Amino acid sequence: MIPLPNETTPRWDGVEPLECVMVVPETADVKTFVFRPPSGAVFVFRAGQFVTLELPLPGGPLHRTYTISSAPISNAYISVTVKAQPGSVGGRWMHDNLRPGMRLRVTGPGGLFHLPRHPDGKYLFIGAGSGITPLMSMTTTLFERGEDPDVSLVACARKPSDLIFRKRLEYMASRVGGLKLHFVVDQDEPFEVWTGYRGRFNQLMLGLTTPDYLERDVYCCGPEPFMRAVRETLQSLGYDMARYHQETFTAPVEHADDPPPPDVAPDPAAVAELIFARSGRTVSCSQTDTILQVAKTSGLNLPSGCTFGVCGTCKIRKASGEVHMVHNGGISDEDIAEGWILACCSRPIGQVEIEA
Ligand SMILES: Cc1cc2nc3c(=O)[nH]c(=O)nc-3n(C[C@H](O)[C@H](O)[C@H](O)COP(=O)(O)OP(=O)(O)OC[C@H]3O[C@@H](n4cnc5c(N)ncnc54)[C@H](O)[C@@H]3O)c2cc1C
Ligand code: FES
């Protein structure tokens, strides 16, 4: 039995593997996995942040990033809530193999999508599918503070039985007056009473669920087309987008009307050279290749997770040369100043030497 924390319990150091202590089925294709450090150390993180798990697949370790769905107020454990998509590798492995007693390497916590340190404001949380996970952590945090929160939470799913955390959210909303829940489904289910909204989340639903949305900070998480629809709705209504926050679980999709990148894009015709110092390999490539792509095609196994600059798993040190790096928050300015880069979103300019 892992000891419970007391006032002298140290913080989890990010090195000690975590033990899976419980697996909770949430919906037909979603499970929550609860983890504790065997030493009993406590977790310090912000509601909305994520961790990256190293999954011991038979073909070699696979890194997958998951939002912490538990709240930092319960610092003895963390949980992640994982959807196993059809044909998926990591999520499927977890659903089929991860059991209490198994230990995993975990890195983090990280991420910039989190509540402010003093979350006393008015919030609109909008989530779709597994995008509810950071919003669950935020809602639980505000609920567990002991003060009445001011939250309008809109949870969207394909059908009612796909709504993750429905019962726990309903319980919280039944104990405090300031948590208003709104469920939206694409379609209801036969022989089940459904009194929530039907259809895709739209401007009309925004006004009906949250008439004072202009006064609220918005936190949104879900598939990119869903978040794009939410952004466009808010923008068209004159909402101050400086108060809009979002988390993406997949690589951002580029659209023709997106603003151009902030700096010069690499030249596809220009040749670059990557020196992997530790492995003693030198590889010619294009300036548009990412360092991660070049490493993989050269048979070098650099750890990676999201592949779009969010999770930080592919952080490596650059010994010399210049790269063009456009990341999504997975590396700090201090790390960049010290010569670290993210291999998944760095493209070599000329000759670059990597400590790998
Ligand atoms: C910051 C962050 C937080 C996240 N939080 C969560 C969370 O809380 N919960 C959660 O469930 N996920 C979360 N994710 C997503 C998660 O990291 C994984 O991307 C997701 O679980 C899919 O990984 P997988 O290994 O299960 O699927 P993968 O094997 O990577 O497959 C993903 C999809 O691609 C398809 N696919 C796979 N291989 C092929 C192929 N060869 N050809 C065509 N299609 C293919 C699969 O069918 C599947 O639909 C988060 C991601 C990020 C970046
Ligand atoms: S793999 Fe996630 S930041 Fe590079």
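Predicted model: local features only at pLDDT ≥ 70, side-chain atom pairs only at ≥ 80, totals over all residues.
Residues are numbered from 1 along each chain as its sequence is written, chains are lettered from A and ligands numbered from 1 in the order in which they are written, and side-chain values use heavy atoms, without hydrogens and water.

**Domains**

The protein chain falls into domain 1 (18-110), domain 2 (123-247) and domain 3 (271-354), with bounds from an automatic or database domain assignment. Between the C-alpha centres of domain 2 and domain 3 the distance is 37 Å.

**Sheets**

Strands here are DSSP runs (E, at least two residues) and helices likewise (H or I, at least four), numbered from the N terminus; two strands pair if DSSP finds at least two bridges between them. One open sheet has six strands in the order β4-β3-β6-β1-β2-β5, paired antiparallel. Because β4 (60-67) and β5 (78-83) stand at the edges with a single partner strand each, one side of each has no neighbour in the sheet. On average, neighbouring strands of this sheet are turned by 35° against each other, direction ignored; the axes are lines fitted to C-alpha atoms, and angles run from 0 to 180 degrees between N-to-C directions. Within this sheet, β1 (residues 18-27) and β2 (residues 30-36) run antiparallel and are joined by seven bridges, with Met22 opposite Val34 in β2.

Four bridges link β11 (residues 217-221) to β12 in parallel, and Tyr219 faces His245 in β12.

**Ligand 1**

Ligand 1 is surrounded by 23 residues (a heavy atom within 4 Å), the closest being Arg64, Thr65, Pro86, Gly90 and Gly91. The table gives polar contacts, defined for the ligand as pairs of N or O atoms within 3.5 Å.

| Residue and atom | Distance to an oxygen atom of ligand 1 |
|---|---|
| Gln85, polar side-chain atom | 2.9 Å |
| Ser88, polar side-chain atom | 3.3 Å |
| Gly90, polar backbone atom | 2.6 Å |

Taken alone, ligand 1 exposes 970 Å², of which the protein buries 68%; accessible areas come from the Shrake-Rupley method with a 1.4 Å probe. β4, β5 and α1 (90-97) are the elements that give two or more residues to the shell, and β4 gives the most, with four residues.

How values were computed:
Polar contact = N/O pair within 3.5 Å; in protein donor to acceptor, adjacent residues only side chain to side chain.
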